[in-house]
Amino acid sequence: EMPEEERAFQERIDAGIKIEPKDWMPEAYRRTLIRQISQHAHSEIVGQLPEGNWVTRAPTLQRKSILLAKIQDEAGHGLYLYSAAETLGVSRDDLLDALHAGKAKYSSIFNYPTLSWADMGAIGWLVDGAAIINQIPLCRCSYGPYSRAMIRVCKEESFHARQGYDILLALCRGSAEQKQMAQDALNRWWWPALMMFGPPDADSVNSAQSARWRIKLFSNDELRQRMVDQTVPQAEHLGLTVPDPDLRWNEERGHYDFGAIDWTEFHEVLKGNGPCNRERLRTRVQAYEDGRWFRDALVAHADKQEQQARA
Ligand code: 3HC
């Protein structure tokens, strides 16, 4: 028999009423939101690194300024999300400690290297494309601060995806070598982008409860299918081949059937054995240490301001 306050809580969730920081909530609801929102924030912050690799090597000043704007947006998305997580009673420093200690996850996709300029296109088109498909439902999730953060994030993400597609369009209309660069990027990013949506529903330990609490409005496999259905026609428009021999339109289903995903690769990356895991974490820890003096100075300045205001 569910305790009275939990039953009232679930009724609010079922009625689509937003839960706000000061409302009563089950401890497990708070914990799973801290888990998901903090890992989402970590993804945004670590997600800047693969793209940072190409800022100094962008082919034109315009491409460079667009890439810089996108990376800056991602830093902002991270800040919105850390702030949303803080409303659940955790400190940003604790969340960052968990990331730096390898205890907290961030999206698997950011553990892959960016080998050519075409990767900047593939990341915008596929990674931000997948992030949009995942984040649009989160705008309607049950926790107020998270859903409001997502509304702001989604407005900026569509620009990220479009500029990525535009990079690939330019390459596919260029020389044979440029088109091959785009095809090579698609070959390397296609399957890891599908893994972003999480394990198959049958192996998803959090999905059932997250669905009951209207944190997860669509299952991992539903959103993955949406990604494939949306992206294959875009690849065809580019004149690129999706690296999946089993991909084919299924008229009865009204969806694309596609090949098996290599979940061992996914679990290896989650265990820290992806191509760039160690480098990404080392870079983040170094940046945090290098910025310590600046954070301390900000706090010292704020303390002095406060003392003067009190004096
Ligand atoms: N990378 C790393 N870990 C992943 C993962 C991935 N692609 N997919 C799943 N996992 C982890 C889960 O976090 C969970 O581990 P945990 O319990 O220790 O947190 C475990 O694998 C089992 O997966 P579940 O399906 O049970 O977990 P969830 O119900 O949390 O679903 C999720 C996973 C769909 C990623 C969900 O957490 C979610 O929607 N998160 C918010 C969106 C997000 O994090 N997006 C990151 C995309 S990148 C991005 O947004 C930046 C963009 O601007 C480029």
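Start by selecting glutamate 11 and arginine 7: the two form a salt bridge, with their closest N and O atoms 2.4 Å apart. Here a salt bridge means a side-chain nitrogen of Lys or Arg within 4 Å of a carboxyl oxygen of Asp or Glu. Before you move on, note that this is a predicted model, in which local features need pLDDT of at least 70 and side-chain atom pairs count only at pLDDT 80 or more, while totals for chains, interfaces and linings use all residues. Residues are numbered from 1 along each chain as its sequence is written, and side-chain values use heavy atoms, leaving out hydrogens and water.

Now show the helix around that pair. Glutamate 11 and arginine 7 sit 4 residues apart in helix α1 (residues 4-14), so about one helical turn separates them. Helices are DSSP runs (H or I, at least four residues), numbered from the N terminus. The classes are buried under 20% relative accessible area, exposed over 50%, and partly exposed in between (1.4 Å probe, protein chains only).

Next, select arginine 92 and glutamate 86, whose side chains meet in a salt bridge at 3.2 Å, N to O. Arginine 92 is partly exposed at 25%, and glutamate 86 is partly exposed at 32%.

Then go to aspartate 257 and arginine 253, another salt bridge, at 2.4 Å from N to O. Aspartate 257 has 25% relative accessibility and arginine 253 has 39%, and each counts as partly exposed. For a network, select Glu51, Lys70, Glu74 and Asp128, which are joined by salt bridges that share partners. How many salt bridges are there by this rule? The count comes to 18.

Time to look at the nonpolar cores, each a set of buried Ala, Val, Leu, Ile, Met, Phe, Trp, Tyr and Cys residues joined through side-chain atoms within 4.5 Å. The largest has 52 residues, and those with the most contacts inside it are Trp117, Trp125, Leu126, Trp189, Trp190 and Leu238.

Centre on tryptophan 125. Leaving aside neighbours within four places in sequence, its contacts (heavy atoms within 4.5 Å) include Ala161, Tyr165, Leu186, Thr231 and Leu238.

Last stop: apart from the largest core lies another, of 29 residues, among them Met25, Leu96, Leu138 and Tyr288.

Definitions and conventions: Helices (H or I, at least four residues) and strands (E, at least two) are DSSP runs, numbered from the N terminus.
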